[in-house]
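Open the structure in your viewer and keep the selection tool ready. Each stop below says what to select and what is there.

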Amino acid sequence: MGMTASLYAVDEQQVDALRSDPAQAFTLLSAGGAAVHLDKAWHGIHYLLTGTAWEGDEPLNFLLHGGEPLGDEEGDELVPRVFDADEVRRLDAALAPLGADPLRARYDPRAMRELDIYPDIWSEKEALPFCLERFGALKDFVKEMAQEGRGMVIFAG
């Protein structure tokens, strides 16, 4: 199956509740509601936004960093992270000017392979369109959450 990532909408009351009781985050997976599923494109999108495998500058490194971890981070395992409405608005402002062309220009299958960007599909012709399509859905989701004054939770696993 492999590692996938999804972002889920939360309101400010849920943000506070998650900060108080991080175990509640996993109930979001079955609760439904607004979400965007990045599938296996998450790491490719991170690379296109930051030019790095695991680092990058804020706020564009948000898929792997940022927000508040909902649990203890151990090793390479990613824990869910919550972003409040203010963080989502800042993220929306950073993503707004980015379109497909700048990301397409950053696409480098050879470098992505060398950096071990997951999954190892970057030389396939469908890889870039897949990332750009998922990025578009991500950008739309973040914009919608910012306009609604909502937060979000990122899950990877």
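Which residue takes a positive phi just after α3? Select Gly 51: its phi is about 75°. Helices (H or I, at least four residues) and strands (E, at least two) are DSSP runs, numbered from the N terminus.

Before going on, note that this is a predicted model, in which local features need pLDDT of at least 70, side-chain atom pairs count only at pLDDT 80 or more, and totals for chains, interfaces and linings use all residues. Residues are numbered from 1 along each chain as its sequence is written, and side-chain values use heavy atoms, with hydrogens and water left out.

**Stop 1: helix α3**

Select residues 42-50, which form α3. Nine of the nine residues of this helix are buried, so α3 is largely enclosed by the rest of the structure. Buried means under 20% relative accessible area, exposed over 50%, and partly exposed in between (1.4 Å probe, protein chains only). Among the buried residues of α3 are Trp 42, Ile 45 and Leu 49. What do the buried residues of α3 pack against? They pack against β1, β2, α4, α5 (100-106), α6 and α7; contact means heavy atoms within 4.5 Å.

**Stop 2: the sheet**

Now select the strands. They form an open sheet of five, in the order β2-β1-β5-β4-β3, with antiparallel pairing. Two strands pair if DSSP finds at least two bridges between them. The edge strands, β2 (35-39) and β3 (68-69), each pair on one side only.

Select β1 (residues 5-10) together with β2: four bridges join these antiparallel strands. Leu 7 stands opposite Val 36, and the bridge partner of Ser 6 is His 37. In a regular strand the side chains alternate between the two faces of the sheet. In β2, Val 36 and Leu 38 make up the covered face, while Ala 35, His 37 and Asp 39 make up the uncovered one.

**Stop 3: the cores**

A nonpolar core is a set of buried Ala, Val, Leu, Ile, Met, Phe, Trp, Tyr and Cys residues joined through side-chain atoms within 4.5 Å. The largest one has 40 residues, and Leu 7, Ile 45 and Met 152 are among those with the most contacts inside it. Which element gives the largest share of this core? Helix α7 does, with 10 residues.

A second, separate core of 10 residues includes Val 15, Ala 25, Leu 70 and Val 153.

**Stop 4: Met 145**

Select Met 145, which lies in helix α7. Is Met 145 buried or exposed? Met 145 is buried, with a relative accessible area of 0%. Its C-alpha atom is separated by 10.0 Å from that of Ala 35, 110 residues apart along the chain.
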